[in-house]
There are 2 protein chains.
Amino acid sequence: MLFIADNLQITRPSVARAFASGDAHFFIELARSMERAGANAIDINTGPLPKNPQKAMAFFVNAVQEGCSLPLCLDTVNQIAMEEGLAMARHGRPIINGVSLEPSRFRAMAGLARRFDADIIAYLLTQEGRVPTDSDTRLALAANLFANLCDEGILPERIIIDPICPPLAWNEGPAQARAVLETLRLLPDVLNFPIRTVAGLSNLTSGLRAPQKARTAFQNAYIALLCKAGLSLALLDIFCTEPLNTARACTALLKPGVFSWDVF
Amino acid sequence: MLFIADNLQITRPSVARAFASGDAHFFIELARSMERAGANAIDINTGPLPKNPQKAMAFFVNAVQEGCSLPLCLDTVNQIAMEEGLAMARHGRPIINGVSLEPSRFRAMAGLARRFDADIIAYLLTQEGRVPTDSDTRLALAANLFANLCDEGILPERIIIDPICPPLAWNEGPAQARAVLETLRLLPDVLNFPIRTVAGLSNLTSGLRAPQKARTAFQNAYIALLCKAGLSLALLDIFCTEPLNTARACTALLKPGVFSWDVF
């Protein structure tokens, strides 16, 4: 399992403040810390960027690429910002985060993925943007989305499926969490391709005032189950070391080959 | 998943000292703490007790039963001590830990299990006491042991299979850890019975000077995988809260029904 750091989110007050004041140093240092903490890629979640999308994305990308040498995961619905980020990305292949079956979004993002030969995260959401309630619906959406993206000329190996992991605090949260595991397990067979997958872990324990030890325990438990189910990439708080270490240990345990304690 | 505390082990220096000096208070307090920490049963690992086995076992059982109201898991190869412990057990059904296909041990322990209608842990070891190297051998041993115990008149629901989880530090440790998971997953089908299972977690990270965070991470990862594979009982250090909480979270996540953060 590889890790995409989700710490650069415009919804975080410190990030919003640093962005508002044009504090590039903040983002250079943040990127440096995320790489040091073990990130394999950096999610740049800019929000919709209604004003100056190009300039804003350029600011983030410049700072992050100055601070580290990791690939970028560009996380915005703004097509202009996405295009700017893709054009500027210079460390490995960038990831578009992301596309769904929603028609306008599909056209925009699939087009960019093809043009830039980028990786692209495909959300298993309905055309109306709703989270499906079971694994059968998720698998049907995956087959549909995968076929549509391939029809657009995108290589299967560029596609990364996100089965959408909802908060446990939702009514059907735990059942959904199990549906996500089932979906991950079955996807390669359903698509007849060793598809890559991603899941956002930070969502899992959001929305309820659970005690910290409960949050940590559920993240530890779920990341191990995701690993067992074959998840390729986890999008998470890279500074939250316990689930990170659990995932590393799980990966080392489950992978045949030379074993080492030294996976941290 | 339920927890058997393995903290009362004669190999631990503090336990050995308290036993040597006849310090019942130490064991009463230890039992109290183990119950408070969330143990569902207490393993009393006395070693072979070459001298005064009856008196020694009576000392342990009296103290533990004074300190808590949990069932006992009697962990000795000494038949006389085992018999004494079973005769004295008064909180729920005691567990014999345990039996294997080794002929003399099988006869002694199976006989006691039948006489006292006790639960009995059945180790998947070869007749020569060796740890099997793969899951096929483990499953064959399980089928053999299960059939032999049933032939002795022991009820299937009294039998608890221990697939033997070796230290990761062993040459084949990680492959064995995976074989244990596979064995747990397949056992109910192979035996055609919803068999209960137990695994010792403390073993996993013993025998190598791995850093503490590595030990914790591997225990977190493996206990989640054991839970997913259907393990009924974990034998572990009940004061090591992280893997315990991971197991609780995992059990809550995987079990359909009412969900609560409040599982700790």
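Chain A exposes about 10,900 Å² of surface. Carbon and sulfur atoms supply 51% of that area. This is a predicted model, and every value here is computed from it.

Of the 264 residues in chain A, 56% are buried. The overall dimensions come next. The radius of gyration of chain A is 18 Å. A compact globule of 264 residues would have a value near 18 Å, so the chain agrees with that expectation. Along the principal axes, the C-alpha atoms fill a box of roughly 40 × 40 × 40 Å.

What secondary structure does chain A have? The chain comes to nine helices and eight strands. Consider next how the sequence folds back on itself. Take the contacts between residues at least 6 apart in sequence: 69% of them join residues at least 24 apart. Charge is the next topic. Chain A carries 24 positive and 25 negative charges.

Turn to the pair of chains. In general, two copies of a chain are related by a rotation about an axis and a shift along it. Here a rotation of 180 degrees, with 0.0 Å of shift along its axis, superposes chain A on chain B. The RMSD is 0.0 Å. That is the relation of a two-fold axis. Which C-alpha of chain A is nearest the axis? That of A:Ala224 is, at 3.1 Å from it. The same surface serves both copies: of the contact residues of chain A, 100% recur in chain B.

Next, the backbone. Most residues other than glycine have a negative phi, and most peptide bonds are trans. Some places in this model depart from that pattern. A:Asn97 and A:Gly98 are joined by a cis peptide bond, with omega about 0 degrees. A:Gly98 belongs to strand S4 of chain A, residues 95-99. In chain B, the bond from B:Asn97 to B:Gly98 is cis as well, with omega near -5 degrees. B:Gly98 lies in strand S4 of chain B, residues 95-99.

Is A:Ile164 buried or exposed? A:Ile164 has a relative accessible area of 14%, so it is buried, the cut-off being under 20%. B:Asn52 lies in the loop between strand S2 (41-45) and helix H3 (53-67) of chain B. Its relative accessibility is 52%, so B:Asn52 counts as exposed, the cut-off being over 50%.

Finish at A:Ile195, in the loop between H7 and strand S7 (196-200) of chain A. At 7% relative accessibility, A:Ile195 counts as buried. What does A:Ile195 touch, beyond residues up to four places away in sequence? Its contacts are A:Phe146, A:Pro156, A:Ile159, A:Ile161, A:Leu187, A:Pro188 and A:Ser232. A:Ile195 and A:Ile160 are 35 residues apart in sequence, yet their C-alpha atoms are 6.8 Å apart.

How values were computed
Residues are numbered from 1 along each chain as its sequence is written. Chains are lettered from A and ligands numbered from 1 in the order in which they are written. This is a predicted model: local features need pLDDT of at least 70, side-chain atom pairs count only at pLDDT 80 or more; totals for chains, interfaces and linings use all residues. Side-chain values use heavy atoms; hydrogens and water are left out. Helices (H or I, at least four residues) and strands (E, at least two) are DSSP runs, numbered from the N terminus. The radius of gyration is taken over C-alpha atoms; the globule rule is 2.2 Å times the number of residues to the power 0.38. Buried means under 20% relative accessible area, exposed over 50%, partly exposed in between (1.4 Å probe, protein chains only). Contact means heavy atoms within 4.5 Å. Accessible areas come from the Shrake-Rupley method with a 1.4 Å probe; for residues, only the protein chains shown count as cover. Lys and Arg count as positive and Asp and Glu as negative; His and the chain ends are not counted. The place of a charge is taken as NZ of Lys, CZ of Arg, CG of Asp or CD of Glu. Copies are superposed by least squares on the C-alpha atoms of residues with pLDDT of at least 70 in both.
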